Amino acid sequence: MHRDTRDEIRTTLHALEAHLAGWGLRQFTSDETYFQWQRETLTPAEITALHRQVEQKCGGSSADEVSFYDTTAHPNILPVLYSQRYDYYLAIGSRVADRIGGARSILDVGCGVGILTTFYARQHPDKTFVGIDRSTTSIARAQEHAKVLGLTNVRFDCLDLDHTAPTRSYDLVLATHALVQAEQDPGIPSRSWNTFERASDRQQQADFERRTGIGPRLDRLSALLSAKGRMILFEKTRQLARRVPLQRALAARDLGLIEQPELIRYRLVKEISDDGPFYVLGRGTSRRFLWDESPEPDEGRLFDRATLKTGLTDPDAPLYENHWPSAQRAWEQLHDTHLLKETTSQEPDGRQLHIELGQAEEGVYLYCANTWDQRQLVIVEPARTVMLESYYQEIASGTFS
Ligand SMILES: C[S@@+](CC[C@H](N)C(=O)[O-])C[C@H]1O[C@@H](n2cnc3c(N)ncnc32)[C@H](O)[C@@H]1O
C-alpha cells in the first residue's frame, strides 16, 4: 500500500478513536474487563431489562426491534452497549469516511444514534449529511450529540423506510448494518448438494426479498440516487445462501460493483465477527468488477497423495479432514473411487443432504454435502472403516440441518 494512503488511514483512525471517546465509548481487548465495566456502570435491573430486550429483538417483530433500539439509545446504556461494537466502528467508519469522495449530499439509512454519521459530518464539513432511523430515541440522541459537536452540516429525521421514502435525491447512500436485519433468514439453497450454484429462480428471489424486506428497501433507496450516485452497503450477508440473493437484488436495481467487495473481520464482545462483504456500488458505466457467486476462499487444504500419511503426529487423527467448501474439490480429486454406500435425502422444499462412504486409492472416505454450502470430507486407513461407518449412520439418522 502507498505510504500516503497508509498515513491517511492512520489519521482517519485517530480521528475516529477521539470521536468514539466523545460518545463515551471504550475499546476492550478482553470480555472480562468489558463485563466488569458493564456491571460497574449499569444497575442489575438495567442489565436484566437489556437482556430481555435482546431476546425479544431476536426473531421478534419490527416493533420489538424499535423498542430495543429505543432502549439502547438511553444515555446510561448507550456507551456500554455500543462499546461492544467499538471495533466495528473502526472498521466501517474509517472505510466509509475515506470513500465519501466527490459526493456532496449523503444519506445514512438506519443511522441509529448517529455515532458514524456525526463522524462523517465532522470529517467532511463541506458536505451535507442526512441520517434517518425509525427509532425516535435514537434520532433524539443523534440530534442532541450533533448539537453538542456544533455540527451544522448534518440533520437527523425519524423515518421508517418501510413506510416512507425520503424525498430528495442523494449522491451517496450509506447503509451499514441497516437493511438486512433478518440474520436468521436461511437465504436460498444451491441447485443441488453437489454444486454451490443457485438457480435463477424468480420466485425464490422474490420470496427472499420480501421475507427480509430488502426488495422494497432497495427500490426506495435506488430511486433516491442521483444519476452518478453511489451506494455503500455493509450487511450480515457473508453466507453464500444470503450473499447471492442480496447481490442479485442489487444487480436487478442497476447497481454494480465499483470496488472489489471486501470481507471484513472484527472483534465483538464474546465473538469475532466475519461480516460483509463491504460493497461500493455505482450505476451504469462506473462498474468495473463482476459479481462473484462462488464460496469465499477457505482454510481447507487440498491433499497431496504422496504426503497423505506423513506428518501425522496423532495416531487417532484421520489421514485427511476438511470441513470447508473446498472439501468438494478434494472429494472430486479422489482416485479410483468405489462407493460402499450412499444416501441423498430431500426435504419438501428441495433442500438436500448427501452422504457417501467409499473406498479410494487414498483411503476410506466419508463425504457429506448439503444445499446450504456445508461440505465435509474425512479420509482414514481401511482398518478404521468401522469408525466412518458409525459416523455415516449418525449423520443419516440425524435431523436435517
Ligand atoms: C444495527 S443498527 C446500525 C446503526 C448504524 N447504521 C451503524 O452502522 O452503526 C440498525 C439501525 O437500523 C434502523 N432501522 C432498521 N430498519 C429500519 C427502517 N425500516 N427504517 C429506518 N431505520 C431502520 C434501526 O432502528 C437501527 O437503529
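Q: Which residues of helix H3 meet helix H4, and what makes such a meeting a contact?
A: On the H3 side they are Leu50, Gln53, Val54, Gln56 and Lys57, and on the H4 side Asp64, Glu65, Ser67, Phe68, Tyr69, Thr71 and Thr72. Contact means that heavy atoms lie within 4.5 Å. By class, 4 of these residues are nonpolar, 5 polar and 3 charged (nonpolar: Ala, Val, Leu, Ile, Met, Phe, Trp, Tyr, Cys and Pro; charged: Asp, Glu, Lys and Arg; polar: the others, Gly among them).

Q: What is the basis of these values?
A: This is a predicted model, in which local features need pLDDT of at least 70 and side-chain atom pairs count only at pLDDT 80 or more, whereas totals for chains, interfaces and linings use all residues. Residues are numbered from 1 along each chain as its sequence is written, and side-chain values use heavy atoms, with hydrogens and water left out.

Q: Why are H3 and H4 called roughly antiparallel?
A: The axes of H3 (residues 44-57) and H4 (residues 62-72) cross at roughly 150° and come within 8 Å. Axes are lines fitted to C-alpha atoms over the stretch in contact, with angles from 0 to 180 degrees between N-to-C directions. Angles over 145 degrees count as roughly antiparallel, so H3 and H4 receive that description.

Q: What makes Gln53 a buried residue?
A: Gln53, in helix H3, has a relative accessibility of 14%. Buried means under 20% relative accessible area, exposed over 50%, and partly exposed in between (1.4 Å probe, protein chains only); Gln53 is therefore buried. Beyond its neighbours within four places in sequence, Gln53 is in contact with Ser67, Phe68 and Thr71.

Q: Why is Cys158 called partly exposed, and Cys368 buried?
A: Cys158 has 41% relative accessibility and therefore counts as partly exposed. Cys368, with a relative accessible area of 9%, is buried.

Q: What makes up the secondary structure of the protein chain, and how many of its residues are buried?
A: The chain has 13 helices and 13 strands, taken as DSSP runs numbered from the N terminus (helices: H or I, at least four residues; strands: E, at least two). Of its 401 residues, 49% count as buried.

How values were computed. Parallel < 35°, antiparallel > 145°, perpendicular 65-115°, else oblique.
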